[in-house]
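Subject: A structure for you to look at

Hi,

Here is the structure I promised to pass on. Have a look at it first, and then read my notes below.

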Amino acid sequence: MQISHDHLPLRRLGLAAAGSVVLLGIAAGPAAAHAEVSASDPRALAENVTLSFTSEAESDAAGIAELRVVLPQGIAPDAVTLKEAPEGWKLTATPDGYSVGGAALATGTDADAEYSITVRQLPDAESLAFKTLETYGDGKVSRWIEVPADGRKVDNPAPLLKLQPAAPGAKPIAPSPSPTPTPTPSAPTAEPSSPAPAAAPDARKANAADSGSGNGVVVAVVAAVVVLGGAGAFRWTRRSRQS
């Protein structure tokens, strides 16, 4: 069948339009996510929120055995508890977050690691980044720790949770009060003794006068004893000669 030349432009236009649709579909399609997070209540200051994480396996040789997460500012490690995880996996708190893991999962790119945690309260923020290290059974580590800034794309994005404004009246939970230390009684310390006040000039003169008069009395008594003793001896000697 002979094709009319009048229909060729229309046919070419149709092919071009179809190709454009395919290209637009590819460009608009979602990018493959390697680690994701979602929340049961994605509002700032929400309490007892369940966060669900999914990490895609990228190794054909070994399955994921551990996920190490750095918590964003405003969520303390002791405010997180494990809700669901693969069988045998446990959560362990770390200084800056937590790790969850156990026996390595099945091998394959479709063997995703899925688990969920409960957070006591989300911080008052616009978004939260959960930097994640995926460790496989063979020791290989995938690092999803980059945080996009200014809308720029990154090669290894961390799971990012965008938060909605806080509910009316929502307030941060007060931290648990620290126990007040019991004061230890200490031994009483002796107060320093006050120095004796210096004697007044008149008092010093009086003391000196009293001391001088006392000494004079003693000398007079001694002299009297000597005189009396001498007189007695003279009389005894005289009587001895007369007899």
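Predicted model: local features only at pLDDT ≥ 70, side-chain atom pairs only at ≥ 80, totals over all residues.

**What I found**

Residues are numbered from 1 along each chain as its sequence is written, and side-chain values use heavy atoms, with hydrogens and water left out.

Back to Ser116: it counts as buried because its relative accessibility is 5%. (Buried means under 20% relative accessible area, exposed over 50%, and partly exposed in between, with a 1.4 Å probe and protein chains only.) If you skip neighbours within four places in sequence, Ser116 is in contact with Thr50, Leu51, Ser52, Leu82, Lys83 and Glu84. Contact here means heavy atoms within 4.5 Å.

S7 sits in an open sheet of 4 strands, in the order S1-S2-S7-S4, with antiparallel pairing. (Two strands pair if DSSP finds at least two bridges between them.) At the edges are S1 (35–39) and S4 (80–84); each has a single partner strand, so one side of each is left without a neighbour in the sheet. From one strand to the next, the twist averages 30°. (Axes are lines fitted to C-alpha atoms, for helices over the stretch in contact, and angles run from 0 to 180 degrees between N-to-C directions.) S4 and S7 (residues 113–121) run antiparallel and are joined by 4 bridges. Leu82 stands opposite Ile117 in S7.

There is also an open sheet of 5 strands, ordered S5-S6-S3-S9-S10, again with antiparallel pairing. Its edges are S5 (90–94) and S10 (141–144), each with a single partner strand, so one side of each lacks a neighbour in the sheet. Neighbouring strands here are turned by 15° against each other on average, direction ignored. S3 and S9 (residues 131–136) run antiparallel, with 6 bridges between them, and Val69 stands opposite Thr132 in S9.

**The core**

Which residues have the most contacts inside the largest nonpolar core? They are Leu51, Tyr98 and Phe130, in a core of 27 residues. (A nonpolar core is a set of buried Ala, Val, Leu, Ile, Met, Phe, Trp, Tyr and Cys residues joined through side-chain atoms within 4.5 Å.) S2 (47–55), S3 (64–70), S6 (97–101) and S7 each supply at least two residues of this core, and the largest share, 4 residues, comes from S7. Not counting residues up to four places away in sequence, Phe130 touches a list of residues including Val37, Leu51, Phe53, Trp144 and Leu161.

**A loop residue**

Asp112 lies in the loop between S6 and S7 and, at 31% relative accessibility, counts as partly exposed. Asp112 and Glu58 are 54 residues apart in sequence and 9.0 Å apart in space, C-alpha to C-alpha. Beyond neighbours within four places in sequence, Asp112 is in contact with Thr54, Ser55, Glu56, Ala57 and Leu105.

**Confidence**

The chain averages a pLDDT of 74, and 57% of the residues score at least 70. (pLDDT is the predictor's confidence in each residue, from 0 to 100.) Over residues 1–33 the pLDDT is below 50, and this stretch has 3 contacts in the model beyond near neighbours in sequence. Residues 177–213 are also below 50, with 1 contact beyond near neighbours in sequence.

Cheers
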